[in-house]
Amino acid sequence: MGTELVVIPFSHFCEKARWGLELAGIEFTERRVLPMLHMPVVRWKLRGTDAGEADAHSSRFSTPVLVTSAGPIAGSTAILRYADAGLFTSPEVDAWVDRFDDTLGPHARRMAYFLVFESPGVLVELAAANTDVFQTGLLRVGERFLIPRMRAAMRIDREGFERSHTVVQDVMDEVADAIADGRPYLTGDTFTAADLTFAALLAPLVLPPDYGAIMPSPERFDAETRALIAETRAHPAGELALAIYRKHRR
Ligand SMILES: N[C@@H](CCC(=O)N[C@@H](CS)C(=O)NCC(=O)O)C(=O)O
């Protein structure tokens with residue numbers, strides 16, 4: 001059996017792993033599952049191992065999981081390290097990656113889901129574009145149960161959105177400060193895991209054209225959301241994320 005990456009296709013943590021594997025030229029197939037449907041699949045893939053770890057924002061059975069002939073590897077950073085340990089060039093890089101995983105990732109996700117849930121039809125469109133007819137059909141009938149569950153699990157409401165927006169802005173300002181001397185990458189002249197992680201985890205808010213799943217176009221959202229996307233893209237940290245996508249994602 002070949003190497004398989006279990007993903008929630010539009011998830012930015014999954015994009016981070018997928019990007020790392022593609023960049024390293026590792027052959028793999030994707031098993032694309034919708035939120036909640038990921039649970040039995042990941043449980044099965046991790047059976048008999050102690051791989052996977054819950055954290056403040058995700059369960060032990062979260063995606064991505066890479067299933068290799070040597071066993072499963074759970075978590076986007078472990079998969080990125082497996083794909084190319086050479087991207088982790090210094091303790092400074094490790095620290096940025098940890099910071100993005102712990103703050104930018106969960107908070108950008110909460111913002112993105114909030115915006116999707118406020119835009120009727122977008123979640124089903126995401127499923128249709130990135131999974132199969134069966135899962136899309138299930139979502140069509142189950143959406144009204146799934147969305148409240150996801151809202152409760154990740155505290156996705158207007159107040160949470162505002163709080164997360166502040167956190168994301170703080171991280172973006174920190175990134176802008178780090179590159180204010182004109183350096184092309186977060187830690188200097190070399191592209192590292194910090195840059196890849198930052199770009200992938202900010203991606204749902206800047207919607208880069210080369211994202212590894214089909215995402216909604218900004219036109220699919222209301223004026224307020226389109227303004228937020230434009231503002232995020234124009235921020236020096238948003239510009240960095242888009243530049244990293246342009247240079248390193250194909
Ligand atoms: N720290 C984990 C976080 C992964 C994560 O939060 N994955 C989300 C998708 S964006 C997920 O599968 N959530 C469902 C769950 O936690 O069961 C990583 O870097 O891989």
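Among contacts in the protein chain between residues at least 6 apart in sequence, what percentage join residues at least 24 apart? The figure comes to 71%, with two residues taken to be in contact if their C-beta atoms, placed from the backbone, lie within 7 Å. The model here is a predicted one, so to speak of local features takes a pLDDT of at least 70, side-chain atom pairs count only at pLDDT 80 or more, and totals for chains, interfaces and linings use all residues. Numbering starts from 1 along each chain as its sequence is written.

The protein chain has 10 helices and 4 strands, where helices (H or I, at least four residues) and strands (E, at least two) are DSSP runs, numbered from the N terminus. Along the sequence the pattern reads β-α-β-α-β-β-α-α-α-α-α-α-α-α. As for overall size, a compact globule of 250 residues would have a radius of gyration near 18 Å, and the protein chain agrees with its 17 Å; that radius is taken over C-alpha atoms, and the globule rule is 2.2 Å times the number of residues to the power 0.38. Along the principal axes, the C-alpha atoms fill a box of roughly 50 × 45 × 30 Å.

Helix α8 is worth a look. Its 14 residues (193-206) should span 20 Å at 1.5 Å a residue, and the end C-alpha atoms, 19 Å apart, agree with that; the expected span is 1.5 Å times one less than the number of residues. In α8, 14 of 14 residues are buried. Just after α8 comes leucine 207, with a positive phi of about 45°.

Then there is the ligand. Around it sit 17 residues, the closest being Ser11, Ser58, Ser59, Ser62 and Ser76; to be near, a residue needs its C-beta atom, placed from the backbone, within 6 Å. Helices α3 (76-83) and α4 (91-117) each supply at least two residues of this shell.

Valine 124 belongs to helix α5 (residues 122-130). This valine counts as partly exposed because it has 14 C-beta neighbours inside 10 Å.

Key. A residue is buried if 20 or more other C-beta atoms lie within 10 Å of its own, exposed if 12 or fewer, and partly exposed in between; C-beta atoms are placed from the backbone.
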